[in-house]
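Please read these notes with the structure open beside you.

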Amino acid sequence: MKKKKTCLIIYNPRSGKGKVKEKIDIYEKILKENGYEVDIVGTKGVGYATEAVVEAEYHDIVFAVGGDGTLNEVVRGNLMRQKKLTICPLPSGTCNDVATMLGYGQDPIKNMELVLTGEVKTMDICTINNTPFVYVVGMGKFMNIPYETKSTDKRKAGYLAYVKDGLKEALDKLRRYKAEITIDGEIYDGYYSLIMISNSNHVAGIDRFHKDVCLNDGEMEVLLCKAKNKGQFVSNFLMLFLGRKSNEMIAMKAKEVNIKLIDKPSKKWCIDGEKYEYEGTTFDIKANKKMNILVPKKNEDKLFKN
């Protein structure tokens, strides 16, 4: 007798302006119609999704329904397991950079069509001081917005809540921090207004933030900005998006980045949209983990190499 396929849906009840349960009902119905046994877990606080994945029995697919923070917790739990699971992020949060990058959207029926015809690919998972992150870590200008924007504002206004707080941040003074940075053995010392390391072409809701991103090449996208004032900061990013070089912007791929902050930043680092609770000044960042992820067929060739 053929073994029935199983899946686990882990969702954040507070995501998607509180309407996520409607999507969960649709996902459950379609998955059952297609031969899956479905288990469903709603998170109850920070760390709950991680614990749920660690303790879960084996499932063919684990759906992380929520924002990038929910996905981060699911990935952390999966990496703690001896028998790893295949993960599929489905968007319901405010930004959903990873799920959007992969090709999933807000239509639950369309998402299920993509899931049922999708392909399992092996994706790089990076770490900062051995803590996993799925798509981005960083510090400096604007990196505090994702974790400082109030949850109540996100539930009411969605992505516009980030835009509102981002505009306030844009008016604040641009601060620079002295750092000693080693990228794959090459040293870059100086003062930086932004340090960002990612494995994504979709960051802060911006598509094609980086060009030619590959999710299984063992490399990360490194972005260092030396801009001295707000005008220079904006012009440097415009040049980056236009594919032009700038003396104040360093953009490259790397397997390992080591950072020593001489000046301690006034705000915490951001990790996958959440606050990185770490008091040290040294950071060891690597593309050193792997995990299976379910990807819409239409995007596998764009984001992965064979």
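The points below go through aromatic pairs, charges over rings, salt bridges, a pocket and a cavity.

1. The model is predicted. Keep that in mind when reading the distances and angles that follow.

2. Start with the aromatic rings. A pair of aromatic rings is described by the distance of the centres and the angle of the planes. The count for this structure is six aromatic pairs. In one of them, the ring centres of W269 and F283 are 4.3 Å apart and the planes make an angle of 25°, so the pair is stacked. The cut-off needed here is that planes under 30 degrees apart count as stacked.

3. Where do W269 and F283 lie in the chain? W269 belongs to strand 16 (residues 269-271) and F283 to strand 18 (residues 282-295), so this pair ties together parts that are 14 residues apart in sequence. Both W269 and F283 are buried.

4. F283 has another ring partner, Y278. The centres of these two rings are 5.2 Å apart and the planes stand at 70°, so the pair of Y278 and F283 is edge-to-face. For this step, the cut-off is an angle over 60 degrees. Are the two residues buried or exposed? Y278 is partly exposed, because its relative accessible area is 28% and buried means under 20%. F283 has a relative accessibility of 3%, so F283 counts as buried.

5. Elsewhere, F142, F209, F233 and F237 form a cluster linked by ring pairs. F142 also has a charge beside its ring: K141 lies over the face of F142, 5.5 Å from the ring centre. A further case involves Y58, where the charged end of K83 sits over the ring at 4.4 Å from the centre.

6. Next come the salt bridges. Side chains of opposite charge can pair when their charged atoms come close. By count, the structure has 13 salt bridges. One of these joins E28 and K32, with 3.0 Å between the closest N and O atoms. Both residues are in helix 1 (residues 20-33), four residues apart, which is about one turn of the helix. E28 has a relative accessible area of 21% and is partly exposed. K32, at 48% relative accessibility, also counts as partly exposed.

7. K121 and E300 form another salt bridge, and here the closest N and O atoms are 3.8 Å apart. Which parts of the chain does this pair link? K121 is in strand 5 (residues 119-128) and E300 is in helix 10 (residues 297-303), so the pair links distant parts of the chain, 179 residues apart. K121 and E300 are both buried.

8. K268 and E279 meet through their side chains in a salt bridge, at 2.4 Å from N to O. This pair also links distant parts of the chain, 11 residues apart. K268 is in the loop between strand 15 (256-261) and strand 16, and E279 is in the loop between strand 17 (274-276) and strand 18. K268 is partly exposed at 22% relative accessibility, while E279 is exposed with a relative accessible area of 53%. Both belong to a network of salt bridges that links K264, K268, E277 and E279.

9. Now look at the second largest pocket, which has a volume of about 390 Å³. Its lining has 16 residues, and the closest to the centre are H210, L240, R244, A251 and M252. Strand 13 (220-225), helix 9 (230-241) and strand 14 (249-254) each give two or more residues to this lining. Strand 14 has the largest share, with four residues. By class, the lining of this pocket has seven nonpolar, four polar and five charged residues.

10. How many cavities of 30 Å³ or more does the structure hold? There is one. Strand 3 (61-66), helix 3 (68-80) and strand 4 (87-91) are the elements that give two or more residues to the cavity lining. Strand 4 gives the most, with three residues. Six residues of the cavity lining are nonpolar, three are polar and one is charged.

Terms used:
Residues numbered from 1 in each chain as written. Predicted model: local features only at pLDDT ≥ 70, side-chain atom pairs only at ≥ 80, totals over all residues. Heavy atoms only, no water. Phe/Tyr/Trp six-rings, centres within 6.5 Å; stacked < 30°, edge-to-face > 60°. Buried < 20%, exposed > 50% of the residue type's maximum accessible area, 1.4 Å probe, protein only. Lys NZ or Arg CZ within 6 Å of the ring centre and 35° of its normal. 1 Å grid on protein atoms, 1.4 Å probe; cavity = no way out; pocket = protein on both sides within 12 Å on 5 of 7 lines; lining within 4 Å. Points joined across faces, edges and corners; volume = space filled by probe spheres on them. Nonpolar A, V, L, I, M, F, W, Y, C, P; charged D, E, K, R; others polar. Salt bridge = Lys/Arg side-chain N within 4 Å of Asp/Glu carboxyl O.
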